[in-house]
Structure formats: structure tokens, C-alpha cells
Amino acid sequence: MEENRVMVSSPFELQLVHLDLKGAPPKVSYLAEIFPLFHALGANGILLEYEDMFPYDGELKPLQANDAYSSSEIKEILKLAKLHGLEVVPLVQTFGHMEFVLKHKEFCHLREVAMFPNTVNPHKEESLKLVGTMIEQVVALHDDLRWFHIGCDEVYYLGEGEESKQWLQEEENTIEKLCLTHMKAVASHVVSAYPTVKPIVWDDMLRGMSEKTLRESGIAQLAELMIWDYSPDLDVDSKATLIKKYQKCDFSKLWFASAFKGATGVNQCLTLIGHHLKNHEQWLKVAESSPAGIIQGIILTGWQRYDHFSVLCELLPVGIPSLAVCLQALKNGGYSEKVKEDVEKSLGISSLEINTYMSDISGTFPGSEILSLVTQITFYLKSSVDELLENNRYVTGWFSPYHRKRKKIHPIMIHHFQPDALRLLTKWTTVTQELQTAMEKIFSISAAEEWMEENVQPSLQRLQGTVDDLDRAIQALS
């Protein structure tokens, strides 16, 4: 398809944007706005990590989040992706990162370690049946799939379950063998059920394995590997060595995975573009040094949570300028002043800062209002409240916790800080309401509430509490 091809200066035929739906999943109406932007910026695919947002059915119904997409919404998303020249690759975790499944009482008996909901027990036939059913339900809603990502990264505590401990006592058994056996079983399920679909697995569990172990396992005949590294100082030489090793183990195609957001801090609110741009520049160097024909494509990951239970990191609209810069840098084989100007024009941003956080930013791209308001809040909310409550001598000297508890205030002091407190409260209440409104256009009410509770309420409640205590103290004077 002509429109699916990326400019020749990119070493990547496929450039997929990762949508991590396990936190603040966007409404379909927002995806309809940003899919054309993804395409215009140089993407030609999407890695769709469903997690608990897929409308699982039957025995899997408990996996659905309260605000999961419906089947018709999934079909609408896939239709929109096709319309804008974006090939969809679904991602379903089938080994580690299984919290969204194993937290439920119906499936907790399938945990590798009874206490921990992250890794599935690879010894139980029921585990394979479970992930097989998950894959089947997801594939059933997709047409013309070429790839299916089965996850398999960060399989923590593998080998530490009771059954594994017993199994590992056999001389020929190792954790590596245990890992490969489950990966192969899942990949085989995909290949036999859907002969035209190629499974993809994250590479981290295989990196430390010997060539002999990998080659003899036969995993390379079943799946393609996705090498991930989100670091700005990614070591190009060690990646080249790793690629050679994987090639020797008969992997015919490899994918790379970079990050445009969600990889610099578990509770990060703003995206530092330069950090992610450097990561992509390093991947370009790796691509240049790679053997011809081995690279299938690159995934630009945009994590929304570090895992199912962690807080939200940068919201998707906040990461759009970083995504734009990274996609354009890949498309043009590097970053330049022209790339910067093209991105500014595409996003309606007057001047883009790459290596520092912008304290004031506005744009015209879908969701830019959220970026602008989140920036204001991140830069100034906590600092302005702290300044008033901790550095204003009239508050610290005449309205301390001691005074507040006893409703005591020197009448003269009221005039020294009450106007400032009320002005701040009015300002931040207005900004918060604007953000709430903007967020509810793009996200569910629960996602908006979660972000506000984490990032706004702590400071706003401190301020509101001070104003309320001041009112009570004033009333006690009369």
C-alpha cells in the first residue's frame, strides 16, 4: 500500500506508535483526531496494548475494566487506524505483567508465586488455556493481522513458585528452559491457530541466554524478537553484538523498541523531549550498523503506567510533541532545524524547547489544551502554595498549625495574607476546572479523577484547608 511507506531516508519500513491502554485510555473520539496526526508525522502502524480495556467475554469477563471499550468501539478504532494507513499489531501479555488477570479471585490460583499477581504459573495447563482464550478473543475482532505481540517481558519471580522449585530439582531443568518452554507454547498456539500471523516477544528474558540455548530451543522459528531500550545513552556497540547473537540463533527478523514518553519516572507529569530524542538518535545508529534486511520495524513506546498498580505517568496529549519530534527524526534519519520547524508547524507550537521543560506552552494539536494546563500545574501549583504556606512570614509566624488548631489569629495579620490565599485559591480552582473539562473530552471521568487526586488535590487541599481555618479563626474573633 503506497501510503504505508515511509520516506527512504528512514531505515525503518515500519514505524509503530505504542498505545498503552492500562492507564488513562483515550476515548475513541480522541483517537479519531490523533490517528491522522500520527500518520502525517511518519507513523504507519500502532502497537495496541489492550491490557484490561479489551471487551473480554465469557469466563474472561472479569478482566474487563469498568470503562473497557465495547466490541463496536474496538471495531471503530481498527477502522480508523486502517483509514489513516496505520497497521494494527495487538499486544496481550501472556507470561509476566499479568496483574490485570491474576489479581482476580477467579484466576489467582494460576499465579507462579501465590502472593504475587504478576507472573502466570507455566506448569499448569490451565495457564496456557487462559492465555490461549485471551489471544483468540482478541484475534476474533481483528482482520488481516500480520503480527501478534505476546509480551513476555519482565517475568519476575519465575522459578520461585512451589511447582517450579520442585521442577528445578531435576538436573536437566533450568529457569531458562522453563521460560522458553512457556514462550514457545504460547507462540505455537498463535502459529497453529493463525498460520498467517507471526508472534512477537520482548527480548529481555532471552538477552542473557547463550547462543546454544536459544538456537536449540527453536524459539526463532516461531517468533520475532523485539529489542527494547529506552535509554538516551543506549550503547550502540553492545546492541550490534546482541543483534549478531540473535542472528546466529536463526532469528530472521528483529524489531527495535524506543520510548517517546513514560520511561523517565513512575509519576512523571511532563515529557523531556531531548531525553527521548537521544534515545531515537541512538537507535538510528544501531540501524545503520545492522545487517541489511534484518530490521522489521521500530515501536515508539509511550508507557502510561509502569505496571498495572502504579500511578499514571505522562498523559498521551502531554507526550505528543515528543512523539512528533521522535517520529520526524526517524523519518528524516536524524534531527535538524528543519525537523524542529516541521514539528512546530504540525503542532501549532510557536517555539519548541528540546532540552528543557517548557514552562509555558500552547499548541493547536488535539489535546494541546491539556498539555498547556498540565504544564501550568506542574510548574506553579505546588510551588505557589508552598511559597504562601511555608515562606510567607505572616502565615508561618501568626497562623501556624498551633494557631489554626485553636482558631487564634491576630486581627492585623488577616490583611497580610488572606487576599493572597483567596487569590491563589481562585486561580488554581479555575485552572483545575478547565483541566477537568479538557480531560473529560478525551478520557473517562475516572482517569481525570485519578490524575487530579495525584497531582492537584494535595496542594489544593492544603490551600483550601488554610482558607477554611482562617474563616473559622475570623469567626471566633467576633
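Guide: Strand β6 is joined to strand β7 (residues 254-261) by four bridges, and the two strands run parallel. Strands are taken as pairing if DSSP finds at least two bridges between them. Helices (H or I, at least four residues) and strands (E, at least two) are themselves DSSP runs, numbered from the N terminus. The model is a predicted one, so local features need a pLDDT of at least 70 and side-chain atom pairs count only at pLDDT 80 or more, whereas totals for chains, interfaces and linings use all residues. Residues are numbered from 1 along each chain as its sequence is written, and side-chain values use heavy atoms, with hydrogens and water left out.

Together with helix α8 (residues 236-248), β6 and β7 make a right-handed β-α-β unit. Right-handed here means that, with the strands pointing away from the viewer, the path from the first strand over the helix to the second runs clockwise.

Strand β6 also has strand β5 (residues 198-202) as a partner: three bridges join them, and they too run parallel. In this pairing, tryptophan 202 stands opposite methionine 226 of β6. Between β5 and β6 the chain passes through helix α7 (residues 211-217), and this β-α-β crossover is also right-handed.

Is β6 mostly covered or mostly open? The strand comprises residues 224-228, and five of its five residues are buried. A residue counts as buried under 20% relative accessible area, as exposed over 50%, and as partly exposed in between (1.4 Å probe, protein chains only).

Ring pairs link Trp202, Trp228, Tyr230 and Trp303 into a cluster. Rings of Phe, Tyr and Trp (its six-membered ring) pair if their centres lie within 6.5 Å; planes under 30 degrees apart count as stacked, over 60 as edge-to-face and the rest as tilted. The whole structure holds 14 aromatic pairs. One of them is formed by tyrosine 230 and tryptophan 303, a tilted pair with 6.4 Å between the centres and 50 degrees between the planes. This pair links distant parts of the chain, 73 residues apart: tyrosine 230 belongs to the loop between β6 and α8, and tryptophan 303 to the loop between β8 and α10. Tyrosine 230 is buried at 15% relative accessible area, and tryptophan 303 is buried at 11%.

Trp228 has a charged neighbour as well. The charged end of arginine 207 sits over the ring of tryptophan 228, 5.0 Å from the ring's centre. For this description, NZ of Lys or CZ of Arg must be within 6 Å of the ring centre and within 35 degrees of the ring normal.

The search of the whole structure finds 21 salt bridges. In one of them, the side chains of arginine 305 and glutamate 450 meet at 2.7 Å, N to O. Arginine 305 lies in the loop between β8 (295-302) and α10 (316-331), and glutamate 450 in helix α16 (residues 445-455), so the pair ties together parts that are 145 residues apart in sequence. Arginine 305 is buried, at 10% relative accessible area, whereas glutamate 450 is partly exposed at 24%.

Elsewhere, a further salt bridge joins aspartate 386 and arginine 462, whose closest N and O atoms are 2.7 Å apart. Aspartate 386 lies in helix α12 (residues 368-391) and arginine 462 in helix α17 (residues 457-477), so this pair connects parts 76 residues apart in sequence. Aspartate 386 is buried at 14% relative accessible area, while arginine 462 is partly exposed at 32%. Both residues belong to a network of salt bridges that links Lys382, Asp386, Glu390 and Arg462.

Key
A salt bridge is a side-chain nitrogen of Lys or Arg within 4 Å of a carboxyl oxygen of Asp or Glu.
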